[in-house]
Amino acid sequence: MPETTPQRPDRLAFGGDYNPEQWPESVWHEDVRLMREAGVTMVSVGIFSWALLEPEPGGYDFGWLDRVLDLLHENGIRADLGTPTASPPAWFYRAHPDALPVGREGLRHSFGSRAAICHSSPAYREAAARITTELGRRYAGHPALAMWHVHNEYGVPVSACYCDNCAAHFRRWLQARYGTVEAVNDAWGTAFWGLRYRSFDEIDPPRLTPTVGNPAQQLDHRRFADDTMRENFRMERDILHRLAPGVPVTTNFMTALSQCDTIDYWAWGREVDLVTNDHYLMTDGRRTHVNLAMAADLTRSVAGGAPWLLLEHSTSGVSWQPRNPAKRPGEMARNSLAHVARGSEGAMFFQWRQSRKGAEKFHSAMLPHAGTDTRIWREVVALGADIGSLAGLRGTRTVPDVGMVWDWHSWWAQGLEWRPSEDHDARERADSFYEALYDRHLTVDFAHPGADLSAYPLVVVPALYLATEESGRNLRAYVENGGTLVVSYFSGIVDEHDAVHPGAYPGVLRDVLGLTVEEWSPLGAGESVRITGPQDATVTGDVWTEFVVPRGAETVWTYADGPAAGGPAVTRHRLGRGTAWYVSSRLDPLALDAVLESACEDAGIAPRTELPRDVEVVRRCGDGGDYLFAVNHTPHDTKVPLERPGTELLSGEHAAGHLTVPAGAVKVVRLDA
């Protein structure tokens, strides 16, 4: 650990990735002049500069970076200084071709893109440590340095490697984890299909096999790949902590479930001094602002509820999706401030100046190809002023209403082959439950299944296929102590080794839910069932049905047809001072909302009917005061009630009674004490 506790940046961050090496030095002075005009406070520098900083092995050229950092400092702009270890130089791969990763099929990737790295390569680790050490020695005391930025977006685009170096490393990892090969055989269930091992030397990564490979082996290899990347991060972090004590070290996460599925961010969140995140709108037909809110809530939760930083998003369209629409007028500011509402201490972009060459030359930037006489530039300048007006909220925390259990290991396990239905998708369930809570205007904290849940009156569990016995006890204790729990189907089924828990489904959740499941009966493509509930209401379910046997739970909704006709579809179980709900089919949105409405009544959460759909109201509170964010994603003006008067910070106007929020706009009120 560092000798001095790392200090967070001293102001809200506004800026973006700055790549001056792509431009003649004559452009740099224009850059910083325009940065000052836009209100830029920090830029990320040097992230992909290894080939320039070390143009030959052991030969360094820091002159250009010295001049860049000095110029930034002279203009009052801080630096998020990168270690360039996500993109080793061509000379490195010429000397060490085995540092290029090998896919499961046995094919080695070639140099020519970013992040083509075998994280088990000793040569890569040595080279990464050397360049990080040189940077730490040279810039530890530079006045522009605000924080260190290690690597870039770990896990994207390559996380796992299957080469011989990785095979040897995987064996060492297994020996440290299990101790003996007998313990590995037991954990992996290798008695099935006769896949037993006599020694660690016989174990390889889960390379391509004629049919489905051992699921427990695949799951452990995903853990190994994640751990290996984290080992390399810690190596660089510890070098920087030693050479630059007191300066925070981070790496940019991609917590959105739509963007990265290879990283256990619960584990990574404990390793960084400041949680940062990159988020990009996914044009996949979903409500993009809901995905944004979910990613921001998930990032804040990985940070333990503490403030975090949006380190990358886009001013307008990106360049790497099948279709890349421009953001509409006002959308950039709305996106940025929605992240701030949910805990970010600023808004950073990729990138400052739009590139003329390379793979991302069509990706939007703060300073577009068309220059300063553009809508994007004018909106950037306005947003910089808005971010500056919010300086007082530094250190405040977003106030959650409910909790959602999420676990990356469970997601990995559920995504392996030969599950009951390919139509059941953990991410889809998490998205659907989150969207239902979002539409009830509830701010969500995410939680690990073993975390303390006592602060939340309501906790939902959308997809917890892998649940340990400890997790089962934790959820039971939460309900017994007065909590309200809602659990979706195919949860509680296996342990940490993907072994089915003894006894009937749903495994470790049987007791808390007060039921057993005799059998699953997934539905065919396009099939659905009718489900009847209170007051003879009829709703629809699809994808999944179950034969549920209540053992203390009461039946609230019943299958009207389909394989389980006449049996329970949704149940409610009183346990101790709390209540546990179980949903055994994929309900349509209206039906899921009806279940959550009843669960909210159990939890004592009053409906927020005064707020229209797609209007967010989120609060940040702390020593800096109480702040209310109202984000209007609709094309209509709306009014938001205020519990007490205050000052609207983006306009400076007094606000009382109701706050008028124009279509597509954001208002931020500092409430009076």
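**Exercises on Loops, Helix Contacts and Pockets**

Q351 is placed in the loop between β9 (344-349) and α12; helices (H or I, at least four residues) and strands (E, at least two) are DSSP runs, numbered from the N terminus. The model is predicted, so that local features need pLDDT of at least 70 and side-chain atom pairs count only at pLDDT 80 or more, while totals for chains, interfaces and linings use all residues. Residues are numbered from 1 along each chain as its sequence is written, and side-chain values use heavy atoms, with hydrogens and water left out.

**Exercise 1.** Describe the peptide bond from F350 to Q351, then examine P157 and E153.

*Solution.*
1. The bond from F350 to Q351 is cis, and its omega is near -5°.
2. V156 and P157 are also joined by a cis peptide bond, with omega about 0°. P157 lies in the loop between β4 (145-150) and α6.
3. E153 is found in the loop between β4 and α6. Its phi is near 45°, which is a positive value in a residue other than glycine.

**Exercise 2.** Determine how helix α1 (residues 25-38) is set against helix α12 (residues 375-389).

*Solution.*
1. The axes of α1 and α12 come within 8 Å and cross at roughly 60°. Axes are lines fitted to C-alpha atoms, for helices over the stretch in contact, and angles run from 0 to 180 degrees between N-to-C directions.
2. α1 and α12 are therefore oblique to each other (angles under 35 degrees count as roughly parallel, over 145 as roughly antiparallel, 65 to 115 as roughly perpendicular and the rest as oblique).
3. On α1, the contact (heavy atoms within 4.5 Å) is made by L34, E37 and A38; on α12, by W377, V380, V381 and G384.
4. These residues comprise five nonpolar, one polar and one charged (Ala, Val, Leu, Ile, Met, Phe, Trp, Tyr, Cys and Pro count as nonpolar, Asp, Glu, Lys and Arg as charged, and the others, Gly among them, as polar).

**Exercise 3.** Work out how α8 (residues 215-243) is set against α5 (residues 122-139) and against α6 (residues 164-178).

*Solution.*
1. For α5 and α8, the axes come within 9 Å and cross at roughly 25°. The two helices α5 and α8 are therefore roughly parallel to each other.
2. Among the residues of α5 that meet α8 are Y124, R125 and A128; α8 contributes, among others, T228, E231 and N232. By class, this contact of α5 with α8 has seven nonpolar, five polar and four charged residues.
3. α6 and α8 pack at an angle of about 100°, their axes being 10 Å apart. α6 and α8 are therefore roughly perpendicular to each other.
4. Residues of α6 including H169, F170 and W173 meet residues of α8 including F224, D227, T228 and E231. The contact of α6 with α8 divides into six nonpolar, four polar and five charged residues.

**Exercise 4.** Identify the residues that lie nearest the centre of the second largest pocket, and the element that gives the largest share of its lining.

*Solution.*
1. The second largest pocket has 36 lining residues, and R287, S432, E435, A436 and D439 lie nearest its centre. On a 1 Å grid over the protein atoms alone, a pocket is an open set of points where a 1.4 Å probe fits, with protein on both sides within 12 Å along at least five of seven lines; lining residues have an atom within 4 Å of a point.
2. At least two residues of this lining come from each of α10 (288-302), α14 (426-439), β22 (586-587) and α17 (589-603).
3. The largest share, nine residues, is supplied by α14.
4. The lining of the second largest pocket divides into 16 nonpolar, four polar and 16 charged residues.
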